[in-house]
Amino acid sequence: MDCTQRQPKTSRSEEMLRYARNQEVMHMNVQLLGMEGDPDLQFLLQGGDLLKVRSPSWKKTRYYRLQEDCKTMWHESKKTFRTKQTFSLDDISAVRVGRQSEGLRKYTEEQVDGRCFSIIFKGRRKNLDLIASSEEEAKQWVNSLQKMVSNMNNLSSQQKTEHWIFSCLVKADKNKDDKLSHSEVKNFLRLINIEVDDNYAEMLFKDCDKSKSGYLSGKEIEHFYSLLTHREEIDVIFGEYAKTTDFMSPENLVEFLMKEQREKTTLADAHKIIEKFEPDQKAKEKKLLSKDGFLMYLHNPEALVLNSEHKDVYQDMSQPLNHYFISSSHNTYLMEDQLKGPSSTEAYVRALLKGCRCVELDCWDGSDDEPVIYHGYTLTSKILFKDVITAIKEYAFKTSDYPVILSLENHCCVEQQAVMARHMSSILGSALVTSPLGDGMPTNFPSPEELKGKILIKGKRLNKLEASFAAEEAAADDPDVTEEEESNDEDEQKEEEKSKKKKKLKLAKELSDMVIYCKSVHFHSFEDARENQSFYEMSSFKEGKAVNLAEESANAYIHHNVDKLSRIYPGGTRTDSSNYNPVPLWNAGCQIVALNFQTSCTDMDVNQGRFLINGKSGYILKPAYMRDRASEFDPITLTRGDWLKHKTLHVMVISAQQLPKVNQKKSSIVDPLVKVEVYGVPADVAVKETGHLENNGFNPQWNENFQFDVYVPELAMVRFVVEDYDSTSDNEFVAQYTLPFNSLKMGYRHVPLLNKNGDLLPSAGLFMHIMVTDAE
């Protein structure tokens, strides 16, 4: 080989310059995070070797460390075509110590439990299962990662924006000389999702290039940043109340809060806001609020569009269980589709952490006398029943203290049903409800408050609950239950449609006796249910039948749900795990409207918006007119009554900030538009949208006004959606936020945005003016 053909090595001075620059970048990010000298941060920046686990035979050492941006984890791969692999701390949902993931339980031995940990990602990305060299090192990794994720999540909106923009500036500086050339400025603008024409870019560049050097550096980059992040709409609002000075006095602030934000407030409240949000110490000492302080206040969680008083549990939780809408999941074990997708305990964990309070378990006979869960007669994978119960025990009450219902779809033989009962009894212990609360035979459901920390079983029962209080229990000795008792359960309904013959299903007494408040029975008619069913006997309805009942007999359905529980589930044709609109079923008072939680879609957004409030408890109290046996409410006809509270919703879509790219190609910039959607009774359903703005996802401004009539506010939901306009095909989803109509705050409000998986987008948001008035 001709040695002269070799590439010259990087000089020592160049290496030192690069090292110094990386140290400077790191120092600035550490300052932004407020973690100077933090040992956990230093540990991650140094990094170390970890064993990555994918299968019994695939366990390979990888070197992991945090990059200088203090946001991206890097690890070395031995694959020649991928020398670097990264993931963002923003993508981490949780870090779990020990062999908690299915992969680690399956592919590792129990003795390494203390050295194991898993990184759980948002969305559908697979877990990262790792083994450290010692238990101490594993704890260090877990604690350090958890601290970093927590710190990132706790950054203010302004800090998140600064961190993101600074990272983009570093990426744009291609030659790493701490200067931005004209082409690097254009590259940076594309990174932050904005495309400008050459003339505007040239003008912006010349305005900032005070030194006339042909590049931006130091203070010039700071000036460039301030021009980019300038909010003209905030100037206008601030200027109207700051009067003749550059500051708001406490009196000015009170006027703004009362007049624009429609908040009851005092001078003392204004002083507290200035003390908390004013960044300039001199202004703070003078009890004045600057424009920066004003913007920081508008970005704080208490001032966002969601009424902060509704974030915690604020509703009456002492009503009977069936007086609440209950967050519910269908085929909870599935991670993807209904035919060949994987089953996983992780799916239960994710649903429970989202506040789901009713999960489904399809139980089948497994090998070695261990029942399994999967979608019967399909290629979906199988998981052990006992592993699912263990996961439920661990995560049932992490997000909400209120009761969890286990909806059993039972296909097991009597022997394995007994095993199921033993597993639930031994694993769930005192949390499992195995007898009615209180003394004697109950006549109504207990409340969510009374059932805090408890787990209920929904399934078939050999006899009436009353029989367990009778002197003779002869019926309990018969282990047969005719299928007719609940042919509404989805798999059994398929069988019934094939042949109308009744067949016997054997039930284990141990399992039957665990069904207390949610006994599954077949639905014949509302009249039959009223005359023959006990309060604890409930039916499951396929979506098609339920929607028909909700449209044709809404008032009768509402009366039925005043006394009973109803569960709705997706039709069998939804093999792709798609969802249906839950709103018409809520309008008919149905409590357990089960959706495929693993599927991101509008229907799931609306479901999560419904349960966003009341402490994300998974329980929302139904309006009084849906808890009244004499109610005349009908969501279709809307006859006059207490439910009619005609309001007018005024929405001004002002602007958006830092919208994410839909297509990650550098040259792809979104053309955003905003839709405002109202869900509720049919008379309230409406959609209005802004025009689209070309090539600006960074700071688009619309200033468009919309007006909506809302007749039944207690059932209405509002969804704000950002889409990327496409003239030749359907628009692409960018982000959304959904909340109950009655939880809207009025005035100038920032609206946080969620991605398609329901995760918060750190820097993105909408800015609106919202007003609700009584309709004339």
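Lys386 lies in helix H15, which spans residues 385–395, helices (H or I, at least four residues) and strands (E, at least two) being DSSP runs numbered from the N terminus. The model is predicted, so that local features need pLDDT of at least 70 and side-chain atom pairs count only at pLDDT 80 or more, while totals for chains, interfaces and linings use all residues. Residues are numbered from 1 along each chain as its sequence is written, and side-chain values use heavy atoms, with hydrogens and water left out.

With a relative accessible area of 30%, Lys386 is partly exposed, where buried means under 20%, exposed over 50% and partly exposed in between (1.4 Å probe, protein chains only). Not counting residues up to four places away in sequence, Lys386 touches Glu370, His423 and Ile427, a contact meaning heavy atoms within 4.5 Å. Pro371 and Lys386 are separated by 15 residues in sequence and by 7.8 Å from C-alpha to C-alpha.

Elsewhere, Glu136 is placed in helix H4, residues 135–153, and counts as exposed because its relative accessibility is 59%.

The protein as a whole contains 23 helices and 30 strands, and 54% of its 776 residues count as buried. Among the contacts in the protein with a separation of 6 or more, 67% are between residues 24 or more positions apart.
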